[in-house]
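I opened the model and kept notes as I went. The entries follow in the order in which I looked things up.

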Amino acid sequence: MELNLEPNIADPDGFYDELLAVHQGLSKEDSDALNARLILILANHVGDRDVLTAALKAAQR
Amino acid sequence: MALALDLGRKGTPVLVLDDHDGVGQGSRAICFAKRTLEIANRLGAGQRMIDKGVVWNVGKVFHGDDRVFQFNLQPEDGHRCPAFINLQQPYFEKFLVDEIRVAQDEGAPIEIRGRNAVTALDQRDDHVLLDVDTPDGPYQIEAEWLIACDGARSPVRDMMGLSFDGRVFEDNFLIADVKMTADFPTERWFWFEPPFKDAGQSALLHKQPDDIWRIDFQLGWDIDREKELREDNVRARVDAMLGEGAEYELEWTSIYTFQCRRMQEFRHDRVIFAGDSAHQVSPFGARGANSGVQDADNLAWKLDFVIRGLAPEALLDTYSEERVHGADENILNSTRATDFLTPKSEISKVFRNAVLELARDHPFARPLVNSGRLSVPCVYDGLSLNGPDMLDGPERTRVGAPAVDAKLGETYLLDRLPGEFTLLCIDAPAPDIDEVDGVPLTHLGLTARGNPFLKERYLGDARGAVYLFRPDQHVVARWPEASADDVASAMRIALGKGA
Ligand SMILES: Cc1cc2nc3c(=O)[nH]c(=O)nc-3n(C[C@H](O)[C@H](O)[C@H](O)COP(=O)(O)OP(=O)(O)OC[C@H]3O[C@@H](n4cnc5c(N)ncnc54)[C@H](O)[C@@H]3O)c2cc1C
């Protein structure tokens, strides 16, 4: 499998809203912790090691 | 001691020089892994270790007050040895020395000289000249080969001016071995950010024989060693962990820092380094003593063949190649565990704690929790002594791997691989060959019919297989069927004579 960097989320505005909403009212520390949990959950869902490496590279820019 | 026993049993004269007298009394290693016990079994000392040791399978991981999860190293069926035992290192050493005494009585040429310290050495063309200091005065001795098993601070390494590079971890661990008759279960309990007072960053509780428990506290970098080692301070921490009123005696306490480092090469002509002198890892994962025993297992047969003129000296370079590979694997694992235990930055701590939080509710995060990956034997993938892998067989018994045990009626497969080159034919015809260039080859013929262990571990989907094992039980080559020529050429590769 290859890392998909094309649009893939059906409802982009709705998703973005939801992402901001879960951080609503959190301290910086709690937000960082939530982000870390989210990354780990998503990474596990992807699973594919090559895709994960490609994603880390893409994020590094 | 393992090396002396192995070599002596093969008939090679060995002299052990030890600046101490008798078995070391410090309690250091406690966790001995299956492969180590299998090697000890081959040397005749394994059963006493298993009988004396505490077998454990269950581990619990806590974060603060909460239990994060529990694991069970549920042992696989069909192995003689358990996955792990806990045993104080002095017992481990004593059982080896006792077996040396037995071997001596049977005529094995082994001599142990206590309170004999090596103080200088000079490498000559065909020997090493040693200066030895004893209570009765100094003497000199010539050795054809010198194996420096003189620990992490190796004086021999220093005398030769060789480097020992790697990483020092800025952390101090307080160990207390306490004697108590408590009814904690025989489990490994590990805390991240323990809830009891002054316990530091992490803590460990683990049972040993004789009602002794190993307790470990991770204290951090800036500490006053002398103060922390004072009995009342140690007791205050232990009391907080075990609960007020717990009755115990302090058996042994120590503070250690740790490092992960190794020598560039383990062989320097006639001086060969083994154990902590060659490589040092953090204790998380129990890889120190366990890998030292694998060094001995790897070196003994090679040195024996070289000394008897049956293999070229180049074979000894493969000791360095293979064990450097093993040391790198151990250093990598132990460094990763350390990075999880002691996050080195703010963000690494955020991720570490995220893993621990998620692991409570979700199984996916549990494999990410790293409180030390327990020692597993090293596979010599892609190294120079490997012959061909022509069998589409199981991954775990591929070329380079150590033999995997399997129950055979009343005995076990590893008991039948007795420290010589061995050709195992499972439901395959045996080629007609019983020595190669003077090196004997033992035959073992088995059937996998009615033996699911053999089938699963050695055949997979294959109908039959031929496996060639080295004296240290690693797989040299495997085929669906092999000719005498196939076997001879694989054996020459494994003897360091090239393809
Ligand atoms: C707290 C702690 C816990 C550990 N737990 C584990 C564990 O659970 N499992 C595990 O596998 N490992 C563990 N280890 C590591 C393990 O203890 C070491 O890897 C092991 O002892 C190394 O054995 P060695 O024979 O190479 O060296 P050492 O045990 O250090 O022996 C070296 C010997 O050489 C002698 N010597 C030194 N200089 C000279 C000289 N000039 N002349 C003559 N003799 C000399 C010394 O007296 C000593 O007897 C632990 C270590 C520590 C500190």
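I looked up B:R115 and found it partly exposed, with a relative accessible area of 48%. For the class I used these cut-offs: buried is under 20% relative accessible area, exposed is over 50%, and partly exposed is in between (1.4 Å probe, protein chains only). B:R115 sits in the loop between β7 (110-113) and β8 (117-123) of chain B. Its phi is positive, about 50°, although B:R115 is not a glycine. Most residues other than glycine have a negative phi. I noted B:D427 too, which is not a glycine and has a positive phi of about 45°. B:D427 lies in the loop between β22 (421-426) and β23 (435-436) of chain B, and it counts as partly exposed at 27% relative accessibility.

The model is predicted, and local features need pLDDT of at least 70, side-chain atom pairs count only at pLDDT 80 or more, while totals for chains, interfaces and linings use all residues. Residues are numbered from 1 along each chain as its sequence is written, chains are lettered from A and ligands numbered from 1 in the order in which they are written, and side-chain values use heavy atoms, with hydrogens and water left out. I took helices (H or I, at least four residues) and strands (E, at least two) as DSSP runs, numbered from the N terminus.

I checked the span of α1, residues 12-23 of chain A: its 12 residues reach 17 Å from the first C-alpha to the last, close to the expected 16 Å at 1.5 Å a residue. The expected span is 1.5 Å times one less than the number of residues. After α1(A) comes A:G25, with a positive phi near 80°.

I looked for patches, made of residues with over 30% relative accessible area and no salt bridge; like charges are joined within 9 Å, and nonpolar side chains (Val, Leu, Ile, Met, Phe, Trp, Tyr) within 5 Å. A patch of negative charge on the surface gathers A:D11, A:D13, A:D17 and A:E18. Lys and Arg count as positive and Asp and Glu as negative, with His and the chain ends not counted. A:D11 belongs to the segment before α1 of chain A and is partly exposed at 46% relative accessibility. A nonpolar patch on the surface is formed by A:I9, A:F15, A:Y16 and A:L20, with about 410 Å² of accessible area together. Accessible areas come from the Shrake-Rupley method with a 1.4 Å probe; for residues, only the protein chains shown count as cover. A:I9 is also found in the segment before α1 of chain A, and it is partly exposed, with a relative accessible area of 49%.

How many salt bridges does the structure hold over all chains? I noted 46, a salt bridge being a side-chain nitrogen of Lys or Arg within 4 Å of a carboxyl oxygen of Asp or Glu. In one of them, B:R28 pairs with B:D276, the closest N and O atoms being 3.8 Å apart. This pair links distant parts of the chain, 248 residues apart: B:R28 is in the loop between β1 (14-17) and β2 (31-33) of chain B, and B:D276 is in the loop between β18 (271-273) and β19 (279-280) of chain B. B:R28 is exposed at 53% relative accessibility, whereas B:D276 is partly exposed at 23%.

I then looked at B:E38 and B:K34, whose closest N and O atoms are 3.0 Å apart in a salt bridge. Both lie in helix α2 (residues 34-43) of chain B, 4 residues apart, about one turn of the helix. An α-helix has 3.6 residues a turn, so residues three or four places apart point the same way. B:E38 is buried, with a relative accessible area of 6%.

B:R323 lies in helix α9 (residues 314-341) of chain B and B:D295 in helix α8 (residues 288-307) of chain B, so the pair ties together parts that are 28 residues apart in sequence. I also noted one network, in which salt bridges that share partners join B:D6, B:K34, B:R35, B:E38, B:R42 and B:D297.

B:S375 lies in the loop between α10 (346-361) and β20 (407-408) of chain B and is buried, with a relative accessible area of 8%. B:S375 and B:R287 are 88 residues apart in sequence and 5.3 Å apart in space, C-alpha to C-alpha. B:L385 lies in the loop between α10 and β20 of chain B and is buried at 2% relative accessibility.

Methods:
Charge placed at Lys NZ, Arg CZ, Asp CG, Glu CD.
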